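Here are my notes on the model, as numbered points. Please read them with the structure open.

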Amino acid sequence: MSFQDKENVAKTIKEAKDDFEAKTCVKIIQKTVEELESEQIEWYVNITNSLGCYSNVGVSEEDRNKGQLLHLQEQGCMIKSTVIHEFCHALGMEHEQSRTDRDKYVKIYQDRVLKEYKWGFAKTNWENVMEFRDPNLEFLADSSTELTFYDVMDITKAYKCSEKCSKPVIACKNRGFLDHQCNCYCPEGLKGDDCNTIASDDCGGIIDLVPGKEVQITSPNYPNSYDVGKICYWLLRAQNINQTVMVKIQDFDLPSNKDLFRCYHWLEIRYNLVGQPGRKYCDDRFYTDKISSSSFGNPDLMMLIFDTATVTGVDA
Ligand SMILES: [Zn+2]
């Protein structure tokens, strides 16, 4: 079936294309049937308005001269995040729950998976089938609307996007990596040529920890109220990758809407992977007063993000 609202389809695919092209060396180029023939292009993706949103993982021999089918049903699949998701499958990416190391992060209840979905339980409700070993990270499932830091890292590696960079290349720090433009691609909160500068101007910082020694971190102006409209990043860094970072919360009070369970200002703690969003804390209670970096992620790094800028009009 052909697409109805061609303008919206073109716009949505362009949004996905722009995200890939800004962050990776993958280019999405539109071709007419005539161009495919005259340019003798054997391998391509064929976006189709047929039932469901899905794609095979990677290309197969059967797709030669026929196009690798990307099923994007106009009703329900023409959303930027879905288009990106299906293009990622077309490029060869699997779901996170298919990772070889997934059992460290989730427990799969195989007895609850229908036989026909055992291959990936794509159409089941994952909440009944899968349990996060760390419930504080559960919010990450299905949360992304664009290519994430680690998507970009995987595509860059698989498609050798940075191999053309002339040597010597920059040694990116703090888990940044060399991107398709031969610049360091930094975890959010870090910037600079080698990702070794904090992205906030007059607050936050990179703190190198020494084993057994405590460092105190406070919000700006503490114990007085902080200025709103700021995002402060602190990167807490251990001396080597086998050491872990621990944070103890002593005094904490950030405004929230308790009825909506919504933080107005918050402290986000990235204790798992430094390039992945962490859980946000607000309110006057802290759910736990001690948080350690995860041994499964980047144990030697922890990022604290104090955000009083995203929601405006709230006093400190
Ligand atoms: Zn998928």
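**Notes on the model**

1. Start with the sheet pairing. Strand 15 (residues 266-270) and strand 18 (residues 301-307) are joined by 5 bridges and run antiparallel. Strands here are DSSP E runs of at least two residues, helices are H or I runs of at least four, and both are numbered from the N terminus. Two strands count as paired if DSSP finds at least two bridges between them. Within this pair, Ile269 has Leu304 of strand 18 as its bridge partner.

2. Basis of the coordinates. This is a predicted model, in which local features need pLDDT of at least 70 and side-chain atom pairs count only at pLDDT 80 or more, while totals for chains, interfaces and linings use all residues. Residues are numbered from 1 along each chain as its sequence is written, and side-chain values use heavy atoms, with hydrogens and water left out.

3. The order is 10-11-18-15-16, an open sheet of 5 strands with mixed pairing. Strand 10 (205-208) and strand 16 (279-281) are the edges, each pairing on one side only. From one strand to the next, the twist averages 20 degrees (axes are lines fitted to C-alpha atoms, for helices over the stretch in contact; angles run from 0 to 180 degrees between N-to-C directions).

4. The zinc site. Which protein atoms are donors of the zinc ion? They are NE2 of His85, His89 and His95, at 2.0 to 2.1 Å. Donors are N, O and S atoms within 2.8 Å of the metal (3.2 Å for Na, K and Ca); water is not among the atoms, so sites may look incomplete. Along the chain, the donor spacing is H-x3-H-x5-H. His85 lies in helix 4 and His95 in the loop between helix 4 and strand 4 (106-108), so this pair ties together parts 10 residues apart in sequence.

5. His85 is partly exposed at 33% relative accessible area. His95 is also partly exposed, at 24%. The classes are buried under 20%, exposed over 50% and partly exposed in between (1.4 Å probe, protein chains only).

6. The unreviewed UniProt entry places an "active site" feature here, at Glu86. UniProt annotations may be inferred rather than shown by experiment; positions follow the numbering used here and feature names are shortened. Glu86 lies in helix 4 (residues 80-91). Glu86 counts as buried because its relative accessibility is 5%. Leaving aside residues up to four places away in sequence, Glu86 touches Cys53, Tyr54, Ser55, Leu70 and Leu72. Contact means heavy atoms within 4.5 Å.

7. Thr48. This residue lies in strand 1 (residues 45-48). Thr48 is buried, at 18%. Beyond four places in sequence, the contacts of Thr48 include Leu70 and Leu72.
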